[in-house]
Amino acid sequence: MEFLVLIIIPVIVGLYAQMRVSGAFGHWSKVASRSGLTGRDAAEAVLRSAGISDVQIIPINGKLTDHYDPTKKVLALSRENYEGTSLASLGVAAHEAGHAIQHAQNYAPLNLRMSLVPITTFASQLLPIVMLGGFFLFHSIVPIYIGIAVYLILTFFQLVTLPVEFNASTRAKKQLRSLDIISADEAPAVENVLDAAAFTYVAAFVSSLGWLLYLVAAANDRR
């Protein structure tokens, strides 16, 4: 039963994180900013203030699919945030612009995260195989050891992701205020959205760590 706690707690944290970000974004996406600027306008202003002119800003489909692709120098915003003038849209757009600034300034944690992507992708693809192996070879400890190796990689990747995301949010908050894109009384709303989004990465780290500890405990129990 004590092993299951290592899984149940991350699940609860993950559900809370999703509820928190959905609630914050859902609420503040309905509140228009006084500036009337769109998410695209905000991202462009933040990039321009940092002297960045070689990043393309494009709209993409989906909800909260916003991201920055350093390999292509493309800042992709979901259409809701690309065209939207809400406080949530401005916060998300500025956050992604923060990643572009990190890239331009050779921010060490971002570079480390980028270097880990290939091995992390490979580790993620191994997970179904590990689960099937554990099901069919339930007397063998080999799948557990492979699972430990996989979750070591995933947990480290999630740990490295934390400073990257928190730093991008910090940059976004400062830039939105310094560029007068949002006013002082609008700042708490943007912070609420960004803090909720950042917590999802904390939840992802807790989840990976929980599974890692669970597998380590299971391996020790098999010995």
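**Rings and their labels**

Mentor: Phe-199 is partly exposed, because its relative accessible area is 21% and the label covers what lies between buried (under 20%) and exposed (over 50%), with a 1.4 Å probe and protein chains only. This is a predicted model: local features need pLDDT of at least 70, side-chain atom pairs count only at pLDDT 80 or more, and totals for chains, interfaces and linings use all residues. Residues are numbered from 1 along each chain as its sequence is written, and side-chain values use heavy atoms, leaving out hydrogens and water.

Trainee: How many aromatic pairs does a search of the whole structure find?

Mentor: The search finds 3. One of them joins Tyr-16 and Phe-199.

Trainee: Why is the pair of Tyr-16 and Phe-199 called edge-to-face?

Mentor: Rings of Phe, Tyr and Trp (its six-membered ring) pair if their centres lie within 6.5 Å; planes under 30 degrees apart are stacked, over 60 edge-to-face, the rest tilted. Here the centres are 5.5 Å apart and the planes at 85°, so the pair is edge-to-face.

Trainee: What makes Tyr-16 partly exposed?

Mentor: Its relative accessible area is 46%.

Trainee: How do you know that the charged end of Arg-20 sits over the ring of Phe-199?

Mentor: The rule asks for NZ of Lys or CZ of Arg within 6 Å of the ring centre and within 35 degrees of the ring normal. The charged end of Arg-20 is 5.4 Å from the centre and is listed as sitting over the ring.
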